[in-house]
Amino acid sequence: MEPVKIRLDNLVKTYMHQEKGRIAAVNGVSLSVEPGELLTLLGPSGCGKTTTMRMIGGFEEPDSGRIFIGSQDITNAMANKRDAGFVFQNYALFPHMSVYENIAYGLKIRNIDKEETDRLVSEVLHLVKLDGYEKQFPHQMSGGEQQRVALARAIVVKPKVLLLDEPLSNLDAKLRVSTRSEIRRLQKALSISTIYVTHDQEEAMAISDRIVVMDHGDIIQIGTAEDLYYSPKTEFVAKFIGKINTIPSTVLSLVDGQAEVRIGDSKYTVDNILRDISAGQNVDVLVRPEAIKLEVISGTSKLTGVISERVFLGDRVDYTVESKGFNLQVSSYDPIRRKTFESNQKVEIILDDKRMKILEV
Amino acid sequence: MPAIERRSKNPDTFKNLVKDPALFISVVVIWIFLILFVFFPLIRVLLIIVTEGGHFNLSGFGEMLSKRYTLLSAFNSILLGALVGVCGTALGFFFAFTSVRTNLSKWWSRLFDWVIILPLISPPFTMAITVIFSFGPNGLITHNLLGIQNFNVYGMWSTLFAETITYFPISYITLKAILAGIDPTVEDMAFSLGSSRWQVFHKVTLPLSTSGLANSFLLLFAASLADFATPLILAGSSFPLLPTEAFLQITGLFDMKGGAILSFILLIPSMAVFFLQRYWVGRRNYVTITGKSGSQTKFKSVGKITKYFFLLVCLLTTIFILYFYVLLLYASLIKAFGANNTFTLDHYRSIFTNGKKAIQDTLIIAFSGMMLGGLYGVVVGYITSKKKYFSRKFMEISAMINYSLPGTIVGIAYLIAFNRRPILLTGTALIIILCNVSKYGAYGIRSTVAILQQIHPSIEEASESLGASPVHTFRKITIPLVLPGLFSGLGIVFIRSMTAISAAIFLVSLNWTLITVRILENMTELQLGISAAFSVLVVIIVFIVTTGITSFLKLFRQKGSMRMSSLFGS
């Protein structure tokens, strides 16, 4: 089956809140999922990602806007007419049915004969590595196994699109990592257009072709993991995708879209500016922890600080550095090959102009 | 324009009705049923009360109200209700606390559970009959044991006693749930902070059970208010009560209007209880019960002496209840209680010959009521808790009206409403069945709602996303999952139909009669042995049905599903 495109056009969903009155859960969301792409909706709880997903699945009706799967407008179609496989956070396996019956459920509705059903069920069970589990019941299985049954049940009917609503959030950390690469492998093999909802940025980066960052019902930025990490448009995105330091600074001058800023007693030139600023203004400069270098203090050091906390994590050492008026998180990778520092040690802080950003708040 | 405003706030409720034809049909059918068999009879009664010869006239009402006897009955009813509420709650608390907090062995808890459930599943006269056997003029205790001649058993105290024993299990079930819902670690915490056992009980346990105690009081108050059978036998003429007076007014004086007025006075406290429960206790309850089953606390909430005192009270009550049932069995097996103690099976022979029709009728009516009431309960419970549609909230309340009203009112209302065209039902089995469905179907609704709350909505959504239509989802997913609830509901509708009298007594006829009514007739004809035999028969039938359903439920019981017995409470 040819993969199809999913398109959301200005979707709006509002709720009545008892005290706050009418509030928008989804506030005019437009996006498209390319055929065969895995697109992730990422954001904190209450950002509208699950509501958006439920509208695509047909479990919520949008106040306005349209939803297209392929060329078909499915905005007002019932959930059972959408041909969208949905995997729920709590798996939602039918507790009174065996694994076989759970998976065969959708096939029966499509009037597929017994022989073909048997073949498809064992095929999909092989695909999710649960060969021979046909007769088990959901309550006899572990969370990870249940999760894979839920996935198998959704994909066995070869839906046009796959919708995964925080499918890994009930699994433990190790299982999450292995299951997410399983999902990605299957999704690529089946080449099925997929929307994936999560609040976990690492999961989103690991699994997605592109990520949609949402907050308060709005789309903040859409892009690949690299785009979002290296070129976030707003402070919210920068903070949500990875860690970032905010360093208070004063703008000294503005020339050709470059700003000269002062941090402590040092001057830096920032050219990555996505915000209207003017000379004399105090702004936060953003720097990722791994973009900061620490050095042994010398006579010429200008920006200095004291290590207040040192955490050894094996692949890196995380430092908290106290400087004048601000704290910094600094990550130093592959510590065995680098100089490391001790708590209470005074250090020089080296910031790279090219990796500093001034972003929309 | 409030209606339009509401519509614009929630436009989906209308749309859903149009989009989902199965829902639309169910809603229409249920509303027709509710209008015909809940509202219509009540409106007919109201019309009879407030009109005279077709004109609005309250003089009959005023006249009735000004009678000293009416006021005395009303006062007595409320006094008795309050006393039963207090005594029953106290006894129920003893049992609940003992069962939840004294680390009873399994054997003891099971014994208590079984004995306590007996009064709830017995025909309504059972306790009254055995009180007469024990404390009557020829009573085993008063006459034979204490040698008192012509002891007067009739009046408030015996009624209070019998009703307390009959209804305290409701309190036990309610309070047990509340006490079990209090996380024992909360008590452990108070204890570890240096409180004495009494302080923990007084400052932590008791305040946390307040809502349960209030709820239990209201439930018992309502049960006593509505109780018709016990006072009819025990209250006597010196202690008139509203339901019995209404009955006598109609059957003795053929004064339909007077009976209707008396039963309507009963409506005021009943409605008060209904709303207090729904809007006051109901909300508070929710906070306390977490449904989390924490680990059993090892800390002993009670000292040794207190524990044995509690156990003693429970044990004595249990022995007393068992004594009553043995007495009932004994009375059914001897020639004449108090006069001729020769063993005989005559009474049983009699109920299976002369009483055969009553037994058949009762079983037919109870069985039909069970099927209809179960279906009604599941459908109403399902759509009111799962679907969003116009009039949902109102339907939910309406379906509870007949259940919350004293049976006397419902019985009189049916009698008045359906004894002429367009709906002529007097003399049929249908009138009794419909009355039972509209009243006891509520148990089916409650059990369905309770079990639905445990089924996550995503399970049904998963079915739809796999392409199943709502009807298919309902058949293949929802129904199998609510089946346990359905069966508990069915069982209780059956039991209530078997043991009901307060409404049914107005609806029986020559063609269709009930065991409970025959028990009453035999009591008044002083054929106590036959009454006892009938009662034993009902207890046995109900016991078999309950056990059957309970063991059937075990077959496909789901984690965390509620026990059937918990439905008897509230």
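Which strands make up the open sheet in chain A, and in what order? Keep in mind that this is a predicted model, then select E2, E1, E4 and E5 of chain A: the order across the open sheet is E2-E1-E4-E5, with antiparallel pairing. Now colour the two edges, strand E2 (21-33) and strand E5 (72-73) of chain A, each of which pairs on one side only.

Zoom in on the E5 end. Strand E4 (residues 64-69) of chain A runs antiparallel to E5(A), and two bridges join them. Pick Phe68(A) and look across to Asp73(A), its bridge partner in E5(A).

Next stop, the contact between the chains. Chain A puts in 20 residues and chain B 18 residues. On the chain A side, select strand E6 (84-87) and helix H2 (99-109), the elements that give two or more residues to it. Colour that side by class and you get twelve nonpolar, six polar and two charged residues.

Where they touch, 41 residues of domain 1 of chain B are in contact with 36 residues of domain 2 of chain B.

To see the domain 1 side, select its contributing helices, among them H9 (156-181), H11 (197-226), H14 (256-288) and H15 (304-332) of chain B, each supplying at least two residues. H14(B) has the largest share, with nine residues. Finish by colouring this side of domain 1 of chain B by class: 32 nonpolar, nine polar and no charged residues.

How values were computed: Residues are numbered from 1 along each chain as its sequence is written. Chains are lettered from A and ligands numbered from 1 in the order in which they are written. This is a predicted model: local features need pLDDT of at least 70, side-chain atom pairs count only at pLDDT 80 or more; totals for chains, interfaces and linings use all residues. Two residues are in contact if their C-beta atoms, placed from the backbone, lie within 7 Å. Helices (H or I, at least four residues) and strands (E, at least two) are DSSP runs, numbered from the N terminus. Ala, Val, Leu, Ile, Met, Phe, Trp, Tyr, Cys and Pro count as nonpolar, Asp, Glu, Lys and Arg as charged, and the others, Gly among them, as polar. Two strands pair if DSSP finds at least two bridges between them.
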